[in-house]
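Please read each point with the model open beside it.

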Amino acid sequence: MNLDLKNYTLFLADNALILGQRLGEWCGHGPVLEQDIALTNISLDHLGQSRMLLQYAAKQVGNGATEDSLAFFRNEGEFRNLLITELPNNDWAYTLAKHFLFDTFNFFQYEFLMNSKDETIQAIARKAIKEIAYHAQFSAEWIIRMGDGTEESHQRVQNAIDELWMYTGEMFVADSSSEAMTKAAVAPDYALLKEQWQEKVSQVLEIATLVKPEEGWMQKGGREGKHTEHMGYILAEMQHLPRTYPTAKW
Amino acid sequence: MQVLNLESANRTLEQVSDPEIPVLTIADLGIIRDVKTEGRWVEVTITPTYSGCPAMDTIEADIRTALKEAGWDEVKVKTVLDPPWTTDWMSIDGRRKLEEYGIAAPMDGTADKRILFGKAVEVRCPRCKSIHTQRISQFGSTPCKALYQCSSCLEPFDYFKCI
Ligand SMILES: [Zn+2]
C-alpha cells in the first residue's frame, strides 16, 4: 500500500464527507424552499463524491475496509479534512462565506486533479468538476448578492469572511503525504493554487463591495488529524447509529 | 422463451425507465456505456449522471430485474466514471419526451467553465415555448435539474441542466 496515496485520498474524501454532512443540517431550515433544496442538492453532490473517494481509499486500506467502515468507524484523529469544512453553519451569510472560500479552492484543486497521474482520482475528478463548478458559481453569486445587498446582509457577510479568513491558510500548506503526491504529479502544488484562489476570491469580493482581509495568523491541523472542538460533535451525530447498531441495514 | 443475444439484451434495456423521470428510459439518458453478452451471461456498464444521484442504486436493481425476467441467468452491472456523463449524450427522442413531460431539455454544449462565470443560457418554456424565462434556482427537485419560471405564461418549470 502507498501510505501517501491513501492519506491523500482520505484528505479529498474527508473534505467532501464532512462538508456534505455539515451542509445537510440546513435540510428543512433554509430561508426559502428553493435555497433549502439548493443546499441539500450540494450536500448530496459532496456525499456522492466522498463515496467514490472512500471506496477508492477502502481498496488501499484493505483488510475488509469499506466506504462505510471508513466513514463511520474512524476516530477524530484519523480524519484529514480541512478545518473550514467542519465549522458550524451559523447563519446564511456564514454558511455561504464558508462555501465560497472552500468551493473556489476546490474548483482549482479539482481542475488540476482532472489530469492527475492517478487514474482513479483522475476519473473521479472529471466527474466531480462539473458539480463543483456549479457549487462555486452558486456560492460566489450569493456573496455578491449579500455583499452588494442591504446594510445588514453586507455586514453579516463581511463579518463571516473576516472570521473565516484564518481557516483559509491550511488549504495551501501541504502535509507530507500531499507533498509526496505533488511530486508524483497526482496532486496539485498547493502553494501554487493559492495564486489562482487569491485572484478569484479578490475579484468576487470586489464585485460584492466587500473588503478582503489582511493576511494574518492562520489556523492549521486538519490535514494531520488535529481538529477544532466542532469535529467531535459532527462525528457523534454522523456515526452514532452505525456504532450503536453495527449490523443495522437501511 | 425469447432468444438471448446482444440485440435482445439491448431491447430489454431500452424498456428500463429512469425512476425519477419515468418518461425517459436509461437509453434516452445515455447512461449505458457498454453491453456484453456470452451465452446466458450479460454484463452492462453504466455511468452515473451525478455522483450523488440517489437513483443509481435503483437503476442498477431495475436493470438486474429486467434482464433476469428476460431469461438471462447471470447479470453483472458495472459502473464506470470516465468519460463522465454529459447531457450531450441524451437522445433527441429523450429531449422531446422531456419537454412533453414539462421539463425543459438541456441546451446543447457542455457547461463547464461557462457556468463558473455565470453566463446565462437561453431556456425555453416547455409550456408556451417562450424564451423569456428566468432562473429561480440553480438547483431543482433532483440533482440534475434547475428551477426556472416563464415570464410569458408565469409557469414555473424544471430545466434539465447541462453538465
Ligand atoms: Zn411559458
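**Notes on the model**

1. The spacing of the zinc donors along the chain is C-x2-C-x21-C-x2-C. This is a predicted model, and the distances and angles below should be read as such. The protein donors are the SG atoms of Cys125(B), Cys128(B), Cys150(B) and Cys153(B), at 2.3 to 2.4 Å from the zinc ion.

2. The geometry of the site can be named from its angles. The 4 donor atoms subtend angles of 106 to 113° around the zinc ion, so the arrangement is tetrahedral; the test is that all angles lie between 85 and 135 degrees.

3. Cys125(B) counts as buried because its relative accessibility is 0%. Cys128(B), at 34%, counts as partly exposed. The cut-offs are under 20% for buried and over 50% for exposed, with partly exposed in between.

4. Lys129(B) is not a glycine, yet its phi is positive, about 65°. Most residues other than glycine have a negative phi, and most peptide bonds are trans. With a relative accessible area of 42%, Lys129(B) is partly exposed.

5. A peptide bond in chain B also deserves a look. The bond joining Asp82(B) and Pro83(B) is cis, with omega about 0°. Pro83(B) belongs to the loop between strand E3 (74–79) and helix H4 (92–101) of chain B.

6. Chain B as a whole has 5 helices and 7 strands, in the order α-α-β-β-α-β-α-β-α-β-β-β along the sequence. Its C-alpha atoms fill a box of roughly 55 × 30 × 25 Å along the principal axes. Of its 163 residues, 48% count as buried.

7. How is chain B divided into domains? Domain 1 covers 6–79 and domain 2 covers 92–160. Their C-alpha centres are 27 Å apart, and 10 residues of domain 1 are in contact with 11 residues of domain 2. About 860 Å² is buried between the two domains of chain B, with carbon and sulfur atoms giving 75% of this area. Ile21(B), Val23(B) and Tyr50(B) supply 50% of the area that domain 1 buries against domain 2, more than any other three residues.

8. The largest nonpolar core has 112 residues, and Tyr8(A), Ile143(A) and Ile63(B) have the most contacts inside it. Helix H5 (residues 119–147) of chain A gives the most to this core, 15 residues. The core also draws at least three residues from each of domain 1 and domain 2 of chain B. Another core, of 9 residues, lies apart from it and includes Ala104(B) and Phe157(B).

9. Beyond its neighbours within four places in sequence, the contacts of Ile143(A) include Leu96(A), Phe100(A), Val204(A) and Leu210(A). Ala97(A) is another of these contacts. The C-alpha atom of Ala97(A) is 33 Å from that of Thr66(A), 31 residues away along the chain.

10. Thr66(A) lies in the loop between helix H2 (33–61) and helix H3 (67–72) of chain A, and at 37% relative accessible area is partly exposed. Asn63(A) is found in the loop between H2 and H3 too. Asn63(A) is exposed, with a relative accessible area of 83%, and has a positive phi of about 55° although it is not a glycine.

Terms used: Residues are numbered from 1 along each chain as its sequence is written. Chains are lettered from A and ligands numbered from 1 in the order in which they are written. This is a predicted model: local features need pLDDT of at least 70, side-chain atom pairs count only at pLDDT 80 or more; totals for chains, interfaces and linings use all residues. Side-chain values use heavy atoms; hydrogens and water are left out. Donors are N, O and S atoms within 2.8 Å of the metal (3.2 Å for Na, K and Ca); water is not among the atoms, so sites may look incomplete. Four donors count as tetrahedral if all angles lie between 85 and 135 degrees; four count as square planar and six as octahedral if opposite donors are over 155 degrees apart and all others between 65 and 115; anything else is irregular. Buried means under 20% relative accessible area, exposed over 50%, partly exposed in between (1.4 Å probe, protein chains only). Helices (H or I, at least four residues) and strands (E, at least two) are DSSP runs, numbered from the N terminus. A nonpolar core is a set of buried Ala, Val, Leu, Ile, Met, Phe, Trp, Tyr and Cys residues joined through side-chain atoms within 4.5 Å. Domain bounds come from an automatic or database domain assignment. Contact means heavy atoms within 4.5 Å. Buried area is the accessible area (1.4 Å probe) that two parts lose on being put together, summed over both.
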